[in-house]
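Subject: A structure for you to explore

Hi there,

Here is the structure I promised to pass on to you. Please open it and have a look around before you read my notes.

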Amino acid sequence: MAQPTLPDRMRAVVLTGHGGIDRLSFRDDWPRPRPGSGQALIRVGACGLNNTDVNTRTAWYSTGVSGGTTGGSLDEASDADAGWGGQAIAFPRIQGADVCGRVVALGTGCDASLLGKRVLVDPWLRDWSAPLDRQRCGYFGSECDGGFADYTLADARNVHAVDSELSDAELATFATSYVTAEYMLNRAEVGSGDRLLITGASGGVGSALVQLARRRGAETVALCGEDKAASVKALGAAHVLPRAPEDLKAALKTVAGAEEVTVVADVVGGAIWPRLIAALARGGRYVCAGAIAGAVVRFDLRAFYLHDLVFAGATVPPPGVFADLVGYIQRGEIKPVLAAIYPLRELVAAQQVFIAKRHVGNIAVATTVA
C-alpha cells in the first residue's frame, strides 16, 4: 500500500508548562512528526481524556501536594517531580494517551501490514530490552508527545490493529481507563465469588471496573453520585450506593446483605478512605490507582495488620494486558461509555467538563468534528 502525501504542518493542543488550564494552547501550525526506525505515524481520529492529563498539567503528582485534583494551579507543587513517575516533564508537550486512528506512514523495520490499519495505541512506553522493568517505563503523552493532534508517532510494537464497528471516539475511551481497571482486578486477583466495592464508579476507570468485574463473575457495589446511579446500574453494577455514605458498613448491609466486601478498588482516596478499609473482610484486598479526592489519608496500621489485609498499587501493567483489552472489545464483551465528543480545538472546554465530573464514563476530542 502506497504511503499518502501528508501535510508538513498540523493542528495540535500544546501544553506549555505546569499550571492552570491557560497553559494549553491550540496551534494550527505545529510541525508534523516524521516516523523514525520502528515507528508508526498515526492520523488521529479521536483521543480520550484522562486524569493523567490534568494531574500532569497541574503538577499534582509532586510530593508537596496533598489535596485532591481540582484542575487548578497548585502553589505547593514542584516542577522537579511533577510527572507521574516522580520526574520532571519536558515542555512543550502534546498530551493525550488514548488514541484511535489510522496508520498513514511507517519507519524502517516496521510490519508493512500495519499501513492503512485502524489502530489503538498501548500508552505504556517500554524498554523492549527489558519490557517487565517498570522503572524504565514511560507514558504516552507524558514522556513523549501524544494524541491531542492531527498526527502522532508511536512505537509500532505499541500499535494494535482493531476490528470494530465502534466509532473512533468510542474506541478512544478504552485505553487508559480500561487497562487501568483490568490491571487493578489482576492485582487484587478478583474472580467469581468476590464482592467488590468500587469508588468513583461513574468515572472512566470506575465504569470500566464495573464492566470488567462483572465479566469475571464478581458481585459489584458501586459508589457514585446519586444523579448517576441509574447509569452506573445500567452498566451492570449489582448494587449502587451514594458517593460517600457516612455509615458505609450499614449501607452495605442494607443493599448487599453483608457489611463487608472482599475487595476495594479505589480511585478516590480522600476522607472516605478509613471507611473503605473498615469495610474489608479479614484477608481482604485493597487496590488503588488514583486519589482524586486527596492523596494523603489517615491510615491506622491496626486495621491493616490485625485483619490480614493485602494492599496493592496499580499503575504500570505488564505487557499483554492491552492485547487482552483489544480482544474484549472485538468480541463485544465490554462497551464504551462515551459522555461527550469535542472538536480538537475545544480541548480546553472538554477538560473543564471532565474536571467538573458531572458526566458518566469518558470524554473524547475528535480531529474530524467541526
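This is a predicted model: local features need pLDDT of at least 70, side-chain atom pairs count only at pLDDT 80 or more; totals for chains, interfaces and linings use all residues.

Residues are numbered from 1 along each chain as its sequence is written, and side-chain values use heavy atoms, with hydrogens and water left out.

**Helix contacts**

Helices (H or I, at least four residues) and strands (E, at least two) are DSSP runs, numbered from the N terminus. Axes are lines fitted to C-alpha atoms, for helices over the stretch in contact, and angles run from 0 to 180 degrees between N-to-C directions.

Start with helix α3 (residues 175-187) and helix α9 (residues 321-330), whose axes come within 10 Å and cross at roughly 110°. That angle makes α3 roughly perpendicular to α9 (under 35 degrees counts as roughly parallel, over 145 as roughly antiparallel, 65 to 115 as roughly perpendicular and the rest as oblique). Contact, meaning heavy atoms within 4.5 Å, involves Ala 175, Tyr 178, Val 179, Glu 182 and Asn 186 of α3, together with Val 321, Phe 322, Leu 325 and Tyr 328 of α9. By class, these are seven nonpolar, one polar and one charged (Ala, Val, Leu, Ile, Met, Phe, Trp, Tyr, Cys and Pro count as nonpolar, Asp, Glu, Lys and Arg as charged, and the others, Gly among them, as polar).

Helix α3 also meets helix α4 (residues 204-215): their axes come within 8 Å and cross at roughly 55°. This makes α3 oblique to α4, and the crossing is right-handed. Among the residues in this contact are Tyr 178 and Glu 182 of α3, and Leu 209 and Leu 212 of α4. The α3 and α4 contact has nine nonpolar, four polar and one charged residues.

**Empty spaces**

Rolling a probe the size of a water molecule over the atoms shows where empty space is left. On a 1 Å grid over the protein atoms alone, a cavity is a set of points where a 1.4 Å probe fits but cannot get out, a pocket is an open set with protein on both sides within 12 Å along at least five of seven lines, and lining residues have an atom within 4 Å of a point. Grid points are joined across faces, edges and corners, and a volume is the space filled by probe spheres set on the points.

How many cavities of 30 Å³ or more does a search of the whole structure find? There are two. The largest cavity holds about 40 Å³, and its lining includes Asp 98, Ala 175, Phe 322 and Leu 325. Helix α9 gives the most to this lining, with three residues. The lining of the largest cavity has nine nonpolar, no polar and one charged residues.

The second largest pocket has a volume of about 180 Å³, and Trp 84, Arg 134 and Glu 143 are among the residues that line it.

**Two backbone points**

Most residues other than glycine have a negative phi, and most peptide bonds are trans. Phe 91 and Pro 92, however, are joined by a cis peptide bond, with omega about 0°. Ala 59 has a positive phi, near 65°. Pro 92 sits in the loop between α1 (51-58) and β4, and Ala 59 lies in the loop between α1 and β4.

Enjoy exploring!

Conventions:
A crossing is left-handed if the near helix is turned anticlockwise from the far one by less than a right angle, and right-handed if clockwise.
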